[in-house]
Amino acid sequence: MGYKDIYQRYTQSILSGSLKPGEKVPSIRVLAQDLGVAKKTVEAAYDILIGEGYLVSRGARGTLVNPDLKFRKTSPEAPQPLEDPQLQELLELRDNPGFLRLGIPALDAFPHKKWLLLSGKAIRAMRPEEMMNPPVMGYGPLREAIANYVNISRGLNCSAAQVFITSGYKHSLALILQAMTGARDKVLFEEPGYFFGQKLLKRLVQNLHYVPVDDQGLDVDFLLRHHADARLVITTPSHHSPLAVTLSLPRRNRLLQWAQSENAWILEDDYDGEFHYTRKVQPALKSLDTQERVIYVGTFSKTIMPSIRVSYLVLPKSLVGKFTETGEIVETGQPLLPQKILTAFLSDGHFFKHLKTMRSLYQARRMMLYHALQRVYPDLFEFEQTDGGMHIIAYLKQGTQDDRLANLWQAHRLMVFPLSAWYTGTSRRYGLIMGYTNVPSEQEAVRLVSLPYRETMALLATA
């Protein structure tokens, strides 16, 4: 490599904007060692760059990209649209700022100061031996804290050895499929079901089938009639996603009996089971699992923050070895620092206190949104009261145009989902799925849902 190559690399980087005015560049000695060239080669390139005004030398402060350079700002390249337009639309709803978003906890009520304090302590306490590869199943003290939590709060009976830390629902699901299923195994999913779960399963599972959900949850009789030979069923028994109904006790018992008799497995996705607003608290399906057929999946994305990317599995004892082996092959372990912070948050009692506050807050905010919708649209929607969760469904009393209606609301930054998009078959229900956790007042709720009133009424008039 000659000095001209180095010169061209720098001019291209500066002109393209990847190196910005004021940024420090490596010293001649460091860059020469990195590129494996003589110091004189780098020195010649730097002399030309300084002479032409691309770089400036500040003596002991080093060499910088000239802070006085001015370039016309170029628009960043637009990301390529996805091949799946439905997925593209739903990703934009999930990731763009707006109101009534799904799955976002009340960030205004999160104890930020306490979290920052615990974060600082965790950083200062890092030891050299903790800079090695993290344990593939997770940080030991966090696994102990999670086991204690689910045993008390969700009625489980597990040890820390059965807890496997993952980085989110999709990661958990992919790991379970790798460990538990083969190419020909039949896997069952709810209809309707969590949209991103559907997309992942369609990519990873060749023999995928669906079981309908009604007002008592997963239709276990349908499963027994049509899919008794399944290897794995994936369900959300506490609050179905998205219908928010609870799997009835008789169906829970029949589902567990089926899994035992057929040597099958149940994946229980308890994504928001912490949020219940009546005294009728339904324990986790895993709490009834005396024969060890349920793999329990929990997450902190809904209770703390999505960006923490910490979820967990509670495994039957017989599967711990299989998952450990699979994890050692396909996983690298989750980052240690977030796990240490979360451990302190759980172990010091802050998590239970936070959940108690959120339950009361969410119950109030849910009613704010209900009342606002009933006040602004008394003849458009109907509702089915549920015992908990983080979202409601405003079912259309008439018509099937929930996708067009959702588009109208989204134009006002109301990030609602059309219910029909969560179905795979032709038998569907229609309505808008909307989160309420960040609605601060009933007055604000009324203001928000009133924004698309004129377009909504116009759409109904043409239906």
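Me: Which residues line the largest cavity?
Reply: This is a predicted model, in which local features need pLDDT of at least 70 and side-chain atom pairs count only at pLDDT 80 or more, while totals for chains, interfaces and linings use all residues. Residues are numbered from 1 along each chain as its sequence is written, and side-chain values use heavy atoms, with hydrogens and water left out. A cavity is a set of points on a 1 Å grid over the protein atoms alone where a 1.4 Å probe fits but cannot get out, and a lining residue has an atom within 4 Å of a point. By that test, the lining of the largest cavity is made of P242, L243, A244, Y370, E384, T386, H391, I392, I393 and Y395.

Me: Which strand gives the largest share of the lining of the largest cavity?
Reply: Strands here are DSSP runs of E with at least two residues, and helices are runs of H or I with at least four, numbered from the N terminus. The lining includes H391, I392, I393 and Y395. The largest share, 4 residues, comes from residues 391–396, which form strand β13.

Me: Which lining residues lie nearest the centre of the largest pocket?
Reply: A pocket, unlike a cavity, is an open set of points with protein on both sides within 12 Å along at least five of seven lines. The elements that give two or more residues to the lining of the largest pocket are α4 (85–95), α7 (169–180) and β10 (294–299). Out of 30 lining residues, those nearest the centre of the largest pocket are R94, L102, G103, Y194 and K302.

Me: How many residues apart in sequence are the parts that the pair of W115 and F345 ties together?
Reply: There are 22 aromatic pairs in the structure, each joining Phe, Tyr or Trp rings (for Trp, the six-membered ring) with centres within 6.5 Å; planes under 30 degrees apart are stacked, over 60 edge-to-face and the rest tilted. The ring centres of W115 and F345 lie 5.3 Å apart with planes at 75°, so this pair is edge-to-face. Because W115 belongs to helix α5 (residues 112–124) and F345 to helix α12 (residues 336–347), the parts tied together are separated in sequence by 230 residues.

Me: Are F381 and W409 buried or exposed?
Reply: F381 in strand β12 (residues 381–382) and W409 in helix α14 are 28 residues apart, and they form an edge-to-face pair, 6.2 Å centre to centre with 80° between the planes. Buried means under 20% relative accessible area, exposed over 50%, and partly exposed in between, with a 1.4 Å probe and protein chains only. Since F381 has 3% relative accessibility and W409 has a relative accessible area of 0%, each of them counts as buried.

Me: Which residues do ring pairs link into a cluster?
Reply: W115 and F345 are both buried, and each belongs to the cluster. The residues that ring pairs link together there are F110, W115, Y149, Y296, F300, Y312, F345, F351 and F352.

Me: At what distance from the ring centre of W265 does R293 lie?
Reply: A charge sits over a ring if NZ of Lys or CZ of Arg is within 6 Å of the ring centre and within 35 degrees of the ring normal. K170 lies over the face of F196, at 5.2 Å from the ring centre. R293 lies over the face of W265, and its distance from that ring centre is 3.7 Å.
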